[in-house]
Amino acid sequence: MRVFVTGASGWIGSAVVTELLGTGHQVLGLARSDAAADRVAALGAEVRRGDLDDIDGLRAAADAADAVVHLGYNHDFSRMAEAAQTDRAVIDAVAGVLAGTGKPFTIASGVLGVVEGRPATEEDVPEAGGHPRMVNAKAVLDHAAHGVRTSVVRFAPTVHGDGDHGFVAVLTGIAREKGVAAYIGDGANRWSGVHVKDAAVVVRHAIEDAPAGTVLHAVAEEVTTREIATAIGDGLGLPVESIPAGLAMEHFGWMGRFFGADLPVSNAITRERYGWKPTHPTLLEDLAAGHYFRG
């Protein structure tokens with residue numbers, strides 16, 4: 001297939017482009033800057049210049065593609081509402097072009113806030129009145145009724161590997177600054193992870209195999225936040241300590257809200273339906289390898 005990918009130069013996007021090209025697909029990657037265009041081209045993909053606000057350009061690219069993977073998103077937490085609005089505009093534009101074609105259209109989402117009190121499964125449908133990004137995921141699934149083979153890939157909070165600058169890198173930076181690798185309370189809350197290359201395989205399954213209106217979980221494992229803090233402490237040679245929940249925001253800043261969450265997630269349906277078997281290093285193995293402690 002000829003696959004149009006937004007966010008193609010990003011951490012997950014680069015791995016997805018590599019996975020798609022390596023399995024015989026052609027890729028057209030969206031790039032908003034010269035540097036992003038160079039990264040996409042270096043992967044072996046064709047480049048389309050533009051950004052998520054270029055709705056006409058996105059429509060044209062989607063119309064010329066056999067499948068669309070929407071990974072681009074503005075993760076500026078100070079402008080979350082605006083980011084969600086932009087995301088929704090992209091979703092509606094692409095789905096409108098693909099309506100009635102049966103072509104695959106998959107987007108990225110997350111596991112935070114899907115359900116509470118039990119592990120989230122692929123059968124859990126996002127609430128229409130929930131977090132704006134969850135609302136957008138629900139909108140994508142609803143477009144299955146309009147002749148689009150839509151799917152949503154929910155990624156673990158940590159998509160790790162050599163070069164990751166996400167949550168674990170942030171936690172490592174906080175530990176360096178504070179002189180202690182901390183966890184919240186008893187540190188028993190569960191945090192999920194997936195290696196970026198394993199996550200890319202899930203995205204490929206989404207466009208190749210996923211029925212319309214379905215969810216896949218790019219979640220390979222669960223670890224406790226205490227285990228993560230311990231691994232960071234070992235890597236940096238710092239003490240490991242518990243922080244009371246009431247001081248989490250003071251110690252971790254905005255990261256406290258996420259690191260204090262309990263996020264159990266099942267991947268049983270993704271494994272069984274698509275034969276997905278994560279084969280790359282676990283989060284704790286990546287931490288032990290030292291990727292996060294350079295510099």
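A crossing of two helices is called right-handed if the near helix is turned clockwise from the far one by less than a right angle, and left-handed if the turn is anticlockwise. Keep that in mind for the first pair. One caution before we start: this is a predicted model.

Helix packing first. Two packed helices are described by the angle between their axes and by the distance between those axes.

Take helix α1, residues 11-22, and helix α7, residues 196-209. Their axes lie 8 Å apart, at an angle of about 60°. Angles of 65 to 115 degrees would count as roughly perpendicular, and those under 35 as roughly parallel. So α1 is oblique to α7. The crossing of α1 past α7 is right-handed. Who makes the contact? From α1 come Trp11, Ile12, Ala15, Val16, Glu19 and Leu20. From α7 come Val196, Ala200, Val201, Val203, Arg204 and Ile207. By class, the α1 and α7 contact has 10 nonpolar residues, two charged ones and no polar ones.

Next pair. Helix α3 covers residues 55-63, and helix α4 covers residues 80-98. Here the axes come within 9 Å and cross at roughly 40°. α3 passes α4 in a right-handed crossing. On the α3 side we have Ile55, Leu58, Arg59, Ala62 and Asp63. They meet Ala89, Val90, Ala93, Val94, Val97 and Leu98 of α4. The count for the α3 and α4 contact is nine nonpolar, two charged and no polar.

Stay with α4. It also packs against helix α5, residues 132-142. The angle is about 5°, and the axes are 9 Å apart. That is why α4 is roughly parallel to α5. Ala84, Asp87, Arg88 and Ile91 of α4 touch Pro132, Val135, Asn136, Ala139 and Val140 of α5. This contact of α4 with α5 splits into six nonpolar, one polar and two charged residues.

Now the empty space. Rolling a probe the size of a water molecule over the atoms shows where such space is left.

How many cavities of 30 Å³ or more does the structure hold? One. The largest cavity has a volume of about 60 Å³. Its lining is Leu171, Ile174, Ala175, Val180, Ala181, Ala182, Ile228, Ala229, Ile232, His251, Phe252 and Phe259. In the lining of the largest cavity, 11 residues are nonpolar, one is polar and none is charged.

Last stop: the second largest pocket. Its volume is about 150 Å³. Gly161, Asp162, Gly163, Asp164, His165, Ala169 and Thr172 are among its lining residues.

Note on methods: Residues numbered from 1 in each chain as written. Predicted model: local features only at pLDDT ≥ 70, side-chain atom pairs only at ≥ 80, totals over all residues. Heavy atoms only, no water. Axes fitted to C-alpha atoms, helices over the stretch in contact; angles between N-to-C directions. Helix = DSSP H or I, 4+ residues; strand = E, 2+ residues; numbered from the N terminus. Parallel < 35°, antiparallel > 145°, perpendicular 65-115°, else oblique. Contact = heavy atoms within 4.5 Å. Nonpolar A, V, L, I, M, F, W, Y, C, P; charged D, E, K, R; others polar. 1 Å grid on protein atoms, 1.4 Å probe; cavity = no way out; pocket = protein on both sides within 12 Å on 5 of 7 lines; lining within 4 Å. Points joined across faces, edges and corners; volume = space filled by probe spheres on them.
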